Amino acid sequence: MPEKPPRSRLETSARRGTGQSSTRRVSRRRRRSNIPSKVPSLAWKTALVGIVLVVVALLIGSYTFLPTLMGSLFGQTIQGGLGLATTPEVELKSKPPPSILTGEFAEGRVEMGAADFQGVRPDKVIIDLDPFELDVIQSMRNGTFESRGPLSGTLRMELPEKEVTRIAESRIEDVPIRDVQLEPGRMIVGLEARFFGVDVPVSVDGNLRLRQNELTFDPRGVEAFGVPIPERISERLLSQADFGYPLDDLPYDAKITDIEAEKDRLVLSGDMERIPVGGAGG
């Protein structure tokens, strides 16, 4: 049998290289199989980022839109309770997130135009609400303003001269009233007084005060044609111009605590102890 020719060095090196490369490929496969996959970790991170974005969007959306929505529902509640022709403007200010999601509101303001407060007819009313808690879930579910208790706040009513004139006419019956003028800190009532069978226009100057839940007018002096009338003649007119108007039957348990005469209007301020709304506050 003929002998095989000896292998050249080149063939020997090639075979060794092929064997070593095969060994390295197997070794790499083994190492790769021992390395844990990064795909599940990346999926969890993506899911976590998505959850965080959703929570942030929910907080921003609730802080932006929830006060507006709840303010609209509260305005409808006030409109129905007072029988208003239009819905009042309501601005609610919530506490920072995430407190708003639990229904915590820091304050609120209700502004309305002409209203009838049990015989008192202001042309502008402002109610500043105290902090309150809202039942967000029930409100969203029922489409109504649902609080966890009655609301309270402060009240400001502005009465124009026309309304103050109407009030004076309802209480002063013996002497015809020509007009009423409101100035800072005082009120002037124009009357038609009869002297010696002649009707004479006179002006009664006085202060408006709050006395035992009544709006009272305390006259101080009487003038005719800009000239003070002697006391012995003016006493009867002063007694006739003295009047009081009850303010103790206002809606929402409102209590007037202060009055102030301004230019062309009278401002009544006070507290509202109980504003009934839906839920536990109803």
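Are Phe105 and Phe132 buried or exposed? In the predicted model, Phe105 is buried, and Phe132 is buried as well. The rings of these two residues have their centres 5.3 Å apart and their planes at 0°, so the pair is stacked. Phe105 belongs to strand S2 (residues 104-112) and Phe132 to strand S4 (residues 132-133); the pair thus links distant parts of the chain, 27 residues apart.

The structure holds 4 aromatic pairs. Another of them is formed by Phe74 and Phe145, whose ring centres are 4.8 Å apart and whose planes are at 45°, so this pair is tilted. Phe74 lies in helix H2, whereas Phe145 lies in the loop between helix H3 (136-142) and strand S5 (146-147), so the pair ties together parts that are 71 residues apart in sequence. Both Phe74 and Phe145 are buried. One aromatic cluster is formed by Phe74, Phe105, Phe132 and Phe145.

With neighbours within four places in sequence left aside, Phe117 is in contact with Leu82, Met112, Val125, Leu155, Met157, Leu250 and Pro251.

For the chain as a whole, 5 helices and 15 strands are assigned. Of its 282 residues, 35% are buried. Among contacts with a separation of 6 or more, 53% are between residues 24 or more positions apart. The accessible surface comes to about 17300 Å², and carbon and sulfur atoms account for 53% of this area.

Helix H4 (residues 161-171) has Glu163, Val164, Thr165, Ile167 and Ala168 as its buried residues. The cover over these residues includes strand S6 (151-160), strand S7 (177-183), strand S8 (186-195), strand S12 (243-246) and strand S14 (265-275). In helix H5 (residues 231-241), the buried residues are Ser234, Leu237, Leu238, Gln240 and Ala241. They lie on the same side of H5, because they cover an arc of only 160° around the axis. Arg232 and Ser239, on the other side of H5, are exposed. The buried residues of H5 are covered by elements including S8, strand S9 (198-211), strand S10 (214-224) and S12.

With S6, the pairing is antiparallel and extends over 9 bridges, and Thr154 stands opposite Asp271 in S14. Strand S13 (residues 254-262) is joined to S14 by 8 bridges, and these strands also run antiparallel. Ile259 stands opposite Leu268 in S14. The hairpin of S13 and S14 has 2 residues between the strands, and Asp264 takes a positive phi near 70° there.

Methods:
Residues numbered from 1 in each chain as written. Predicted model: local features only at pLDDT ≥ 70, side-chain atom pairs only at ≥ 80, totals over all residues. Heavy atoms only, no water. Buried < 20%, exposed > 50% of the residue type's maximum accessible area, 1.4 Å probe, protein only. Helix = DSSP H or I, 4+ residues; strand = E, 2+ residues; numbered from the N terminus. Contact = heavy atoms within 4.5 Å. Areas by Shrake-Rupley, 256 points an atom, 1.4 Å probe, with all protein chains shown as cover. Arc of directions from axis to C-beta. Phe/Tyr/Trp six-rings, centres within 6.5 Å; stacked < 30°, edge-to-face > 60°. Pairing = 2+ DSSP bridges.
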